[in-house]
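Grab a pencil and keep the viewer open.

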Amino acid sequence: MEKKIKTKKQWTVGRVLLWVVLICVAVIQIFPLIWLVDFSLASSNEMFTKGLLVIPQKIQWGNYVKAFIDGHFLLYLKNSLLINGLAVLLVILISLMAAFACKRMIWKMSGLVKTLLLLGMMIPIHATLLPNYKIYNMLGLTDTIWALLIPYIAFSLPQALFLMTGFLDAIPVELEEAAVMDGSGIYRIVFRMILPLMKSSVATVAIMTFLNNWNEFMMASTYLSSPTWKTLPFSVLEFTGQYSSNYAVQFAVMALTAAPAVLVYILLNKHITKGVAMGAVKG
Amino acid sequence: MKRKVVAGMMAALMAAGLLAGCGNTEKPASTSAADKSTSAAATSESSKSESSKSESTASGDAVTLKIFSNLPDRKNGQGLVEQTIIDDYEKENPNVKIEVEALDEEAYKTKFKAYAMDGMPDVVSIWGQPSFLDEVLDAGVLAELDQDAYKDYGFVSGSLDGFMKDGKLYGLPRNTDVAGFYYNEKMFKDNGWSVPETYEDLLALAPKINDAGFVPVAMDGGDGWPMAIYLTDLLERVDGTISEKVNKAVADGDFTDPSFVKATELLKASADAGLFQTGYDSQDYGTAMNLFTNGQAAMFYMGSWEASMALNEDIPAEVRDNIRVFSMPATKDGKGKQTDIAAWNGGGYAVSANSKVKDEAIKFLNYMYQPDKLSKYGWENGVGMSAQDQSAYMTGNETELQKQFLDIVKNSTSTTGTTINDRGPSAFKTSIESEIQNVTNGTTSVDDFLATIGTACK
């Protein structure tokens, strides 16, 4: 009897309303992706019809074939995955260690160093574009993987450090004291104790770094010239004409480019909300 | 004191740990690849400078030419033409390897600035217009070309002017571009409209076409430059010859001359008469063009490079076979005639002044401009008219549209040359291309508009 009342209670007006609103939000959120996939299967001309979505007369799988072959998709995907993967790993490593050093270790400049690192958030990427090019050229780094890896890490680091320090505050110092008593060194504390406790924060940093750098084009186009290390956004460019572009294939490329990012988000999604919220309160 | 020492040591330790940790984790994944690439880049960098120098002198040895292009799509249109010539050249000169780096216009111009500081590629795309070329020539990154060498290349008279400065030639033009109204002849006939004789007829046509449920003129207003061309066209109709007047206005930053006011008013009259589609001021190239190719618009104002529409299989045959063109009609009391056309030579190529293989680069440049390369391939692919005499390549199978464009050029009594937006410094170009929508849709007044673009010249 009680159970019955409970199930009945679940479907009150408020609850139905909540569901309707949530479904609406979900549709709005997912719509761009549906739209992207829909247009990637149409022909360039069908795109300009009046409706919101097009119903292709013939499904144009050829767009994807073109994206793969003419767009050098696999090479660029490999580069993107490698560069972004490395960037994420290094950002996590550096920000975790820096956060620990600035928050938990007692030294005179800890506050200043942290502030200096966080100041990086205020530097606009575009202002550094040409000076960096000059420096890389002098060092012979243009057109190498470092030309992208260095700025990707540098620009993601401040935000990562900010989240990490916020989260680190939530972990009681007593845990570390106990570890020290038991004879653990600094690295053991950081990687065996702190790291597992900060899982959600690490996931957040990973997602943010990955999404920020995945679609980055400005720096990539300036620092790279040969196809060896070009990343996925270049694939879209292969179909950009002088005046008008092959939109349909570009949509196919973008759908393919978006897929890994969506995948990463889905995989790490569980942690991200937690991570952002906790980091935010304890800044 | 002790504390300080301890703190210092800890900091050092942490820094060392950072570096060590950095190296350790990263190594298994990347060093092999990254190290290789850095060392390869470093060696190639140093060896290139030495070897290429000796290579170019000893002909027959391997030479690498770097080409920086603004045509990222290598499978269609102008990009295909460029790539075909490059492939031809590599075939004929097996010792030459050509590396192409291509970016779209915006990214191209950004990277061009970076290259201007250091390490310009050997052959580059340029625009023979003050808005682009002035700053580039001031930086001294382009090599001077020998004018006499190009006497036999059949360049259309005046087409080299934009690429010269102080009597020296720095680049060669790729195309001759002409602006005009593409129109759907069948739609005109079916509805009993006639091709306008004067600008006033054109405006009078607007309500008729609108009433029939079509868009009179599809306009790419979102980009700014097509309307700047439209304004140039009108200026020519009002004044007859605009070159000197515009140059003077740009130099003085003063656009108060009655011709500018009149032309801008005429441009606004087009918008007010409902000649353009709703939302023209934010819609882009593709949207505007598709209004026309889908048969929703009766006319489309654009350059001659779109003459390839008549060959484009993606466009429904009903529209494709009926595309014709007319140039901007004369105004009632203007000094210019319909045959004073808006035509200019925009894009082109140049050789880098600091190129280590300059001789080979110039050789390749000359190869591109051999009459049976850029001109012929361009004509066959329908990407527009070249800046050279191409009468030798008429096949007789030209589309009606191509023939019309040829007639427009052949019968022209004068040409505008570089369009107004490209005649000033880059700040002026940005200003006019972002302000022109505001004056047509009535957000700013004609006088304010002219004052704003005047200020941008200073």
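**Exercise 1.** In what order do the five strands of the open sheet in chain B lie?

*Solution.* Keep in mind that you are looking at a predicted model.
- Step 1: Trace the open sheet across its five strands, and you get the order β2-β1-β3-β13-β6 in chain B, with mixed pairing.
- Step 2: Now look at the ends: β2 (96–102) and β6 (172–173) of chain B are the edge strands, each pairing on one side only.

**Exercise 2.** Find the sense in which strands β1 and β3 of chain B pair.

*Solution.* 
- Step 1: Recall that strands of a sheet pair through backbone hydrogen bonds, either parallel or antiparallel.
- Step 2: Locate β1 (residues 63–69) and β3 (residues 123–127) of chain B; their pairing is parallel, over two bridges.
- Step 3: Check one position: B:V123 in β3(B) has B:I67 standing opposite.

**Exercise 3.** Work out which strands of chain B helix α12 lies across.

*Solution.* 
- Step 1: Pick out α12, residues 358–368 of chain B.
- Step 2: Follow α12 of chain B over β1, β2, β3, β6 and β13 (347–351).
- Step 3: Compare directions: α12 runs at about 155° to β13(B).

**Exercise 4.** Describe the make-up and overall dimensions of chain A.

*Solution.* 
- Step 1: Count the elements: chain A has 13 helices and zero strands.
- Step 2: Take the box along the principal axes, which is roughly 80 × 70 × 30 Å for the C-alpha atoms of chain A.
- Step 3: Finish with burial: 40% of the 283 residues in chain A are buried.

Technical notes. Residues are numbered from 1 along each chain as its sequence is written. Chains are lettered from A and ligands numbered from 1 in the order in which they are written. This is a predicted model: local features need pLDDT of at least 70, side-chain atom pairs count only at pLDDT 80 or more; totals for chains, interfaces and linings use all residues. Two strands pair if DSSP finds at least two bridges between them. Helices (H or I, at least four residues) and strands (E, at least two) are DSSP runs, numbered from the N terminus. Two residues are in contact if their C-beta atoms, placed from the backbone, lie within 7 Å. Axes are lines fitted to C-alpha atoms, for helices over the stretch in contact, and angles run from 0 to 180 degrees between N-to-C directions. A residue is buried if 20 or more other C-beta atoms lie within 10 Å of its own, exposed if 12 or fewer, and partly exposed in between; C-beta atoms are placed from the backbone.
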